[in-house]
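Work through the exercises below with the sequence and the model open side by side, and try each task before reading its solution.

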Amino acid sequence: MDLTTILQAILTGVLMAGIYALVAVGLTLIFGVVRIVNFAQGEFVMLGMYVAFWLWKLWGIDPYLSLLITMPLLFLFGVLLQHFLFRPILHAPDLAQIFMTVGLSVVLMNAALFFFTADFRSVKTVYSEWTLRYLGITLGVPRLFAFLGALILAGLLALFLLKTDLGKALRAVAQDREVCMLLGINPERMYLLAVGLGTALAGAAGCLIVPFFYVFPTVGVVFVLVAFVVVIL
């Protein structure tokens, strides 16, 4: 194996790692604040991919522009999940929480199979086949766009958590829920915000990879496994 092939593999892996990192950031946010291990995070990516696909298919909206629609929709979906599914099991044993999120994953996956079938779908944009070539190394422009988009979103989240009062309240709840209640911070609202943001980030990752990744109901499994590895490491 020559040096060019090795560099090609490394750079391609780094570009894809940005998407995995964005999924892992959302997973960490939910676990860090709400203390629930969300095994359905990959299915949130799948939902984001399907939203981006159908917006492109039906109305011709570019996948990257569809972020402006997908992220609010997934945020609202996350808020509803926290209110109706996660909140009742916040103080339940860990096994019950795991069963809940695994069950949610199975339900979302099978719902996608039922409504969209198992067909592999793809989005073809004007830049889907664009590439950059230098010294024998070829990089897909959509992968580069996705990597940069993931960096920007992760950076915006970091600024939100570090510089805003709401972000500081989220971090405080993650550290000590009881003290936050004494200081007038409502943990329940912070839980809604954390799950909403974590879900929206997963949906954003789905939008970013749609131009170069097939959309199918079980695609989320690929991302959630790697996301857990990233979080643990």
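Predicted model: local features only at pLDDT ≥ 70, side-chain atom pairs only at ≥ 80, totals over all residues.

Residues are numbered from 1 along each chain as its sequence is written, and side-chain values use heavy atoms, with hydrogens and water left out.

**Exercise 1. Find how many salt bridges the structure holds, and describe the partners.**

Start from the general point that side chains of opposite charge can pair when their charged atoms come close. The criterion applied here is a side-chain nitrogen of Lys or Arg within 4 Å of a carboxyl oxygen of Asp or Glu. By that criterion the structure holds two salt bridges.

One of them joins the side chains of glutamate 129 and lysine 124, at 3.9 Å from N to O; glutamate 129 is exposed, with a relative accessible area of 61%. For accessibility, buried means under 20% relative accessible area, exposed means over 50%, and partly exposed is in between (1.4 Å probe, protein chains only).

Another pairs glutamate 188 with arginine 177, whose closest N and O atoms are 3.8 Å apart. Glutamate 188 belongs to helix 8 (residues 187-209) and arginine 177 to helix 7 (residues 177-182), so this pair ties together parts that are 11 residues apart in sequence. Helices here are DSSP runs of H or I with at least four residues, strands are runs of E with at least two, and both are numbered from the N terminus. Glutamate 188 is partly exposed at 29% relative accessibility, and arginine 177 is partly exposed at 23%.

**Exercise 2. Determine what the side chain of glutamine 97 reaches, and at what distance.**

Next, follow its side chain to the backbone oxygen of leucine 90, which is reached at 3.1 Å. Such a polar contact is a pair of N or O atoms within 3.5 Å; within protein, one must be able to donate a hydrogen and the other to accept it, and residues adjacent in sequence count only if both atoms are side-chain atoms. Finally, leaving aside neighbours within four places in sequence, the residues in contact with glutamine 97 include Arg35, Ile36 and His91, contact being heavy atoms within 4.5 Å.

**Exercise 3. Describe the backbone angle and the setting of arginine 35 and threonine 117.**

Arginine 35 has a positive phi of about 65° although it is not a glycine. Arginine 35 sits in the loop between helix 1 and helix 2 (41-59) and is partly exposed, at 46% relative accessible area.

For threonine 117, phi is near 65°, again a positive value in a residue other than glycine. Threonine 117 lies in the loop between helix 4 and strand 1 (131-134), and its relative accessible area of 34% makes it partly exposed.

**Exercise 4. State how many disulfides a search of the whole structure finds.**

With a disulfide taken as a pair of cysteine sulfur atoms within 2.5 Å, the search finds zero. Cysteine 180 is buried at 2% relative accessibility, and cysteine 207 is buried at 0%. Cys207 is also among the residues touched by serine 66, when residues up to four places away in sequence are not counted.
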